Structures are given as structure tokens and as C-alpha cells.
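Subject: A structure for you to look at

Hi there,

Here is the structure I promised to pass on. Please have a look, and then read on for what turned up in it.

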Amino acid sequence: GILAMKVLDNSIVKIDFKLKEDCLYLTWKSFISGSCLRDVYINTPRILGRNPTCWLVDKKKIKVISPEDQHWLYHFWNNYNTSSTIRIAFINSDDFFGRLSLKNITQMLKGDKDRIQIKLFESREKAMTWLHIKHLN
């Protein structure tokens with residue numbers, strides 16, 4: 001079986017999946033919104049043929065997430081179809097408005113503690129430690 005898989009790598013996003021940890025890595029490289037952003041979240045699990053229970057979402061380079069997209073992401077995670085707890089680690093933006101957006105999404109999702117564990121980190125290393133991931137090749 002495939003242990004690690006590069007799903008996509010373009011100018012907007014790099015997507016990796018590690019089977020052992022059932023973890024999806026989204027590294028956002030530039031700003032996208034609306035249907036383009038949503039396509040990544042909806043189609044990646046479809047491509048993988050599974051809904052990963054672990055997400056590492058690197059938003060370091062992202063300036064802002066629109067209120068509409070924040071709302072959409074909240075609903076995406078809330079309706080995410082998995083029997084186990086989802087763990088989501090966000091790597092915080094370097095931008096002030098990006099940080100506000102992520103703080104907002106994190107606060108919204110923290111309400112559903114039984115199903116969703118979510119945390120905001122300043123570094124990839126800290127996020128991976130929290131997710132119990134050794135390293136990404």
C-alpha cells in the first residue's frame with residue numbers, strides 16, 4: 001500500500017497524505033477563496049477515497065480568509081463524515097488579518113469538542129507534535 005502520497009503541488013497549494021497517520025497536509029502558498037478553496041477541501045478526500053481524521057493546515061502565507069469562507073469551513077468541518085474524532089492543526093498566518101481569521105475559525109469549531117479537536121500553532125514542529133506525527137518526508 002501507499003504510505004505517503006503527493007496529491008497535488010501547484011502555485012496555490014501543496015497537498016500530501018500520510019496513510020500511517022491518516023493525515024492530510026495542506027500547505028497554502030497563495031490566497032484563494034470561494035469555489036477554488038472549497039474544491040480543495042471537498043475533492044481531496046474524494047481523490048484519496050477516504051476522509052482523513054487528521055489535518056495539518058499550514059496557513060502561514062495566507063493573508064486573510066473571507067467571512068464567507070470562514071463560515072463555509074465551519075460547516076465543512078461540522079458536517080465532516082467520520083466515525084472518529086477529527087484533529088485539525090492550523091499553522092498560524094504571518095499576517096495580522098490572517099491570524100484573526102484563523103482565530104475566529106478555531107473558536108467557532110472549538111464548541112464541538114467531542115468530534116473535533118482543533119488547535120492553532122506558530123510552528124509546523126509544534127503542530128506535528130500535537131498530532132503525534134514524527135516527521136514528513
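The torsion about the S-S bond of C23 and C54 is about -55 degrees, so this disulfide (a pair of cysteine sulfur atoms within 2.5 Å) is left-handed. Its S to S distance is 2.3 Å, and the count by this rule is one disulfide. The bond links distant parts of the chain, 31 residues apart: C23 lies in strand β3 (residues 23–28) and C54 in strand β4 (residues 54–58). Strands (E, at least two residues) and helices (H or I, at least four) are DSSP runs, numbered from the N terminus.

Before going further, this is a predicted model: local features need pLDDT of at least 70, side-chain atom pairs count only at pLDDT 80 or more, and totals for chains, interfaces and linings use all residues. Residues are numbered from 1 along each chain as its sequence is written, and side-chain values use heavy atoms, leaving out hydrogens and water.

Are the cysteines buried or exposed? C23 is buried, at 0% relative accessible area, and C54 is buried at 0% too, whereas C36 is partly exposed at 46%. Here buried means under 20% relative accessible area, exposed over 50% and partly exposed in between (1.4 Å probe, protein chains only).

On to the helices: α1 (residues 34–48) and α2 (residues 67–78) pack with their axes 11 Å apart, at an angle of about 20 degrees. Axes are lines fitted to C-alpha atoms over the stretch in contact (heavy atoms within 4.5 Å), and angles run from 0 to 180 degrees between N-to-C directions.

Best wishes
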